[in-house]
Amino acid sequence: MNLRGLLIRQWMRRPGRALAAALSVAVAVGAAVATWAAADASRVGYKRLTEAVAGVPTIDVTARDGKRFDASAVPRVVDVPGVRAVVPLFYRPSLLRVGESRLREVAVGVDVAALVSAGLLTLESGEPCREDDEVVLDATLAKGLGLAVGDEVLFFARRRVARMRVTGLAATDSLRWFAEGATVVADIQVLESMSLSTAEVDRVRVVLAADVDREGVLAAVAQRLPEALVAEVPAGRASLADDVLHSANLGLDFVTALTLAMAWFIVGNAMLMNVAERRRGLTLIRVLGGTGRQVRRLVTVEAAILGALGAAVGAVAGLAAAAPISAGIARALQTRAGDVVVHPLLVPVAVALGVVIAVAAAWWPARQATSVDLLEGLSVLPAKPPRESMRVLLVAALLLSLVAFGCELAMAFGFLPPRASVVSGVVLLLAFVAFTPFFLIPLVRILGRLVPSRWRIEGRLAVEQIVRQPIRTALTAGVLVVAVSNGIGLGHAIRDSVDDVLGWYGKMLRADWVLTQAGALSVSRQDRGAASREMEAEARGLDGVADVEGIGVATGRISGQVCVVIARDLPSALPLPLVPVDATEADVRQALERGEAVAGTVLAQRTGLKVGDDVIVEVFGRKTPVRVAALVVDYTSGGASLVLRRDAARRLFGMEAADVLLVTAVEGRSPALREPLEAIARKHSMFLRSFGELRGFIDRIVSGVVGSLWSILGLGFVVGSLGVANTVTMSVLEQQRSLGLLRAVGMRRGQVVGMVVLQSVLLGAAAGIVGLVAGVTTALFIQFASQPLLGHPLALHIRPGVVVANLLAALAVTALAAWLPARRAVKLELLEALSTE
Amino acid sequence: MHAPPPILRTERLEKTFSGGDAESAVAAVGGVDFQVGRGEFVAVTGASGSGKSTLLHMLGGITRPTAGRVLLEGVDLATLDDDALAAIRRRRIGFVFQRYNLLPELSLLENVSLPLALDGATPARCEAAARAALEAVGMAHRGSHRPDELSGGEQQRGAIARALVTDPAVVLADEPTGALDSANSARVVELLQRLVAERQQTVILVTHDPAVAAAAGRIVRMQDGLIHTDSAGTPRP
């Protein structure tokens with residue numbers, strides 16, 4: 001019989017203990033695989049969502065003066081790393097005649113065949129148009145008109161009228177990233193030849209590879225452009241989605257990191273308990289002549305074997321759990337549920353980590369077990385925590401706190417990217433766990449006094465049992481602290497971020513109908529001022545319209561930074577659609593009436609501008625000084641926006657046209673406006689959407705993202721619960737002898753079960769309180785970290801529902817986790833329980 | 001008749017348990033000079049707290065002295081590192097405890113062979129030696145049983161077999177009859193006597209039971225951490 005044999009015998013004698021240790025690794029590895037796969041599914045879902053909103057990632061090259069330009073003026077940029085394709089775009093309002101129907105549609109000229117072959121345009125049927133008399137139609141439009149491939153339509157353009165054959169029907173989704181409302185797709189040269197323009201384009205859209213750093217490519221492309229051209233991230237298209245997704249990704253990273261930290265913490269705890277419980281046996285081996293090395297080897301070999309077994313089971317369970325979780329996330333994001341894509345390295349890395357962490361987690365208690373005094377180790381009394389350990393723990397807690405706060409400060413000053421907050425958040429949580437033994441005991445004693453007098457004896461014994469083992473207690477509580485903190489911290493952070501975005505959106509777009517510019521969106525073209533005024537007048541003249549606000553959008557530059565200049569009518573009858581930071585609405589309105597501007601907080605952060613600064617703003621090639629009167633919360637184009645009144649923008653930059661019209665109806669008249677507004681939209685090549693549709697669109701993004709985060713948070717809670725159940729079970733197993741003694745001195749079985757449950761609930765309550773503090777701190781950390789992304793601080797609102805739900809869940813999990821093993825423990829024969837080693 | 005050559009010797013052996021400050025420090029053993037020859041059966045007696053168990057633990061290298069030396073077969077235990085001390089405990093010292101301290105997950109045979117297994121002996125040698133040791137204590141027929149299937153007396157005899165399995169220089173027994181009834185106590189004492197008589201095994205036994213002590217060839221009585229009387233006439237400090 002060698003040490004391996006001894007190990008096997010130990011497992012056979014106490015299979016529950018070995019199983020619990022292996023289960024902890026299975027939970028950790030399963031959590032790692034499932035969380036990672038779910039996070040990946042969320043990221044894929046976010047990407048699909050962004051694509052659905054904004055199409056493929058792009059940047060635009062436009063003329064600085066906002067007019068059309070010669071496509072040949074754009075230098076070669078297709079070789080810039082990250083650039084997938086370069087697509088010149090030419091938009092033309094036109095008229096289609098199909099049978100007796102006449103439709104105003106926007107045509108877009110592109111190299112259709114090239115887009116199809118590059119996979120950037122999908123044809124549901126037919127083939128690309130190649131000849132002068134061929135077009136491709138939006139499949140949705142074609143179906144509505146009853147058109148099929150091979151049918152003919154009459155196409156009215158400025159220069160001529162042509163009978164054109166429909167060669168293909170394009171999938172509406174695949175048009176979205178470049179067509180911007182256009183439903184007729186023709187070859188760019190054909191469309192130009194039918195118009196008055198020759199070789200002039202509205203913009204050149206640069207298509208980027210997936211997952212590329214858009215800002216980096218933007219800078220590289222901008223560097224190559226001549227002075228008359230400018231590169232920009234398409235404004236107003238996907239900025240809101242981008243912002244929500246930026247925050248969501250940060251949240252996703254947090255949830256993943258904290259769930260993984262919790263999972264590995266569970267392993268550490270289980271291994272520590274597994275070794276601590278056998279202190280006497282291990283000491284006896286040393287007394288009989290076993291060396292410290294032999295004992296450490298015994299423990300680490302055991303950890304490796306249990307780790308490998310647990311990791312294998314966990315990997316299978318994680319993969320099995322990943323599929324339904326990913327499908328749930330896809331449902332939440334309303335994207336199609338693809339196959340679960342598991343990174344090929346994920347499973348081997350998770351399994352290897354399972355083994356390594358199990359061994360590492362066992363090594364420390366093994367070292368403790370071999371350094372403990374032999375006489376102390378042989379004692380049946382539980383070992384007192386060495387003072388040195390407590391000192392080390394305190395120093396570690398202080399150091400971890402310093403590192404976490406140092407990281408946050410470094411982020412605040414821009415030395416570290418916002419994503420570093422994920423690391424600092426995890427480090428802070430570890431600091432909380434390290435501090436736990438110091439808070440926990442006094443907390444448990446206080447809570448113990450609240451136990452009703454009829455459970456006085458059980459309560460007192462429960463408190464003493466907890467107090468007797470501060471480190472083990474702290475480790476068990478540590479899992480709960482992480483779980484509760486995860487739930488409370490992220491629950492608050494997610495809700496606050498969403499409320500922030502929705503609050504802004506509610507203020508920004510307060511109207512019944514929204515008309516947006518098709519085609520040349522984001523450039524308030526100088527040459528369309530007259531048409532725009534006509535359109536606004538038509539809208540105002542409609543019966544049932546209470547108010548119309550025009551919004552012009554143009555690309556501008558401040559201190560070399562691209563920004564979006566927004567010109568709004570800001571009618572005094574409507575509330576100010578901006579959220580001022582450290583300023584009153586009245587002050588902001590007055591400043592805007594004086595012709596001053598307000599800057600988005602992100603723009604202020606990026607350019608370093610402050611309230612009261614006079615900045616040079618370049619729009620349409622015109623450089624004009626503008627005073628910044630206040631900062632406002634704004635998510636337009638990532639918050640890098642400068643907002644002025646429209647009359648001031650017209651005077652300062654010549655911004656004439658409205659790219660967006662917000663139409664407010666007289667009460668009860670909104671539905672009746674659809675038809676006349678649709679007519680105006682067709683005439684002026686605008687999109688019409690009701691506020692409800694727009695709100696639904698935003699809600700879809702937000703609820704999808706939030707839903708996916710909750711799914712992963714739920715997974716984290718399940719992991720935490722399993723971990724708590726596991727450690728509490730091990731803790732009860734370890735107390736079997738003590739429980740037997742209590743029964744021997746006359747305690748009833750029910751009393752013993754009650755004591756164990758009470759012990760667990762007291763621990764859960766104390767850990768819940770520490771977790772609440774940690775959770776609120778985590779929420780503050782996340783919000784602090786979001787500041788560089790959002791450009792403004794998020795207010796933390798304590799939500800009693802989230803707090804109570806988490807605390808109740810912690811109590812329920814601990815009570816249930818203790819009740820089952822306690823019932824089993826008291827069913828043992830008294831002698832058997834007393835003889836438990 | 002010559003006194004047997006000393007197999008174990010102590011010089012000014014002291015042990016003080018520190019309570020964190022000088023005032024709460026307790027001197028358990030206060031300077032003991034003592035030697036034991038091969039084949040001697042020594043009973044160390046004394047009241048509770050007299051230092052007899054602490055002395056035994058220092059003799060066995062379980063705890064290190066605060067001052068003084070323990071020389072086992074001429075080797076100063078204080079000069080050994082933990083691994084070397086473990087090797088001495090494994091090969092040259094046999095321990096018998098009041099609560100038997102058998103590993104519950106192992107059979108009696110496996111428990112007995114454990115010191116040899118720790119020493120890297122082959123399974124065949126482990127088994128053969130363990131069987132022989134069990135034979136010597138009259139427990140060969142119970143080798144396949146687990147400790148919880150044995151009576152207290154049987155467990156203690158098994159523990160004695162484990163102490164003998166490596167053919168140690170000295171067997172140290174700490175209250176080996178403390179948890180046994182009188183019949184089993186008598187059987188254990190008789191067994192130890194037989195080992196000394198038949199195998200020239202050196203045995204040092206700590207007991208507070210005068211009847212057990214009387215079975216030993218030499219009685220050392222301790223008081224307040226010092227040897228008060230020694231029936232062999234070893235001079236008191």
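**Helix packing in chain B**

In H3(B), the residues B:Leu108, B:Asn111, B:Val112, B:Leu114 and B:Pro115 meet B:Gly158, B:Ala161 and B:Arg162 of H5(B), where contact requires C-beta atoms, placed from the backbone, within 7 Å, and helices are DSSP runs (H or I) of at least four residues, strands (E) of at least two, numbered from the N terminus. The model is predicted, with local features needing pLDDT of at least 70 and side-chain atom pairs pLDDT 80 or more, while totals for chains, interfaces and linings use all residues. Residues are numbered from 1 along each chain as its sequence is written, with chains lettered from A and ligands numbered from 1 in the order written.

- Five nonpolar, two polar and one charged residue make up the contact of H3(B) with H5(B) (Ala, Val, Leu, Ile, Met, Phe, Trp, Tyr, Cys and Pro count as nonpolar, Asp, Glu, Lys and Arg as charged, the others, Gly among them, as polar).
- The axes of H3 (residues 108-118) and H5 (residues 152-164) of chain B lie 7 Å apart at an angle of about 30° (lines fitted to C-alpha atoms, for helices over the stretch in contact, with angles from 0 to 180 degrees between N-to-C directions).

**Contacts between chains**

- 23 residues of chain A are in contact with 26 residues of chain B.
- On the side of chain A that touches chain B, the residues divide into nine nonpolar, nine polar and five charged.

**Sheet in chain B**

- Six strands form an open sheet of mixed pairing, ordered E6-E7-E8-E3-E9-E10 (pairing needs at least two DSSP bridges).
- E6 (93-96) and E10 (226-230) of chain B stand at the edges, each with a single partner strand, so one side of each has no neighbour in the sheet.

Methods. Two residues are in contact if their C-beta atoms, placed from the backbone, lie within 7 Å.
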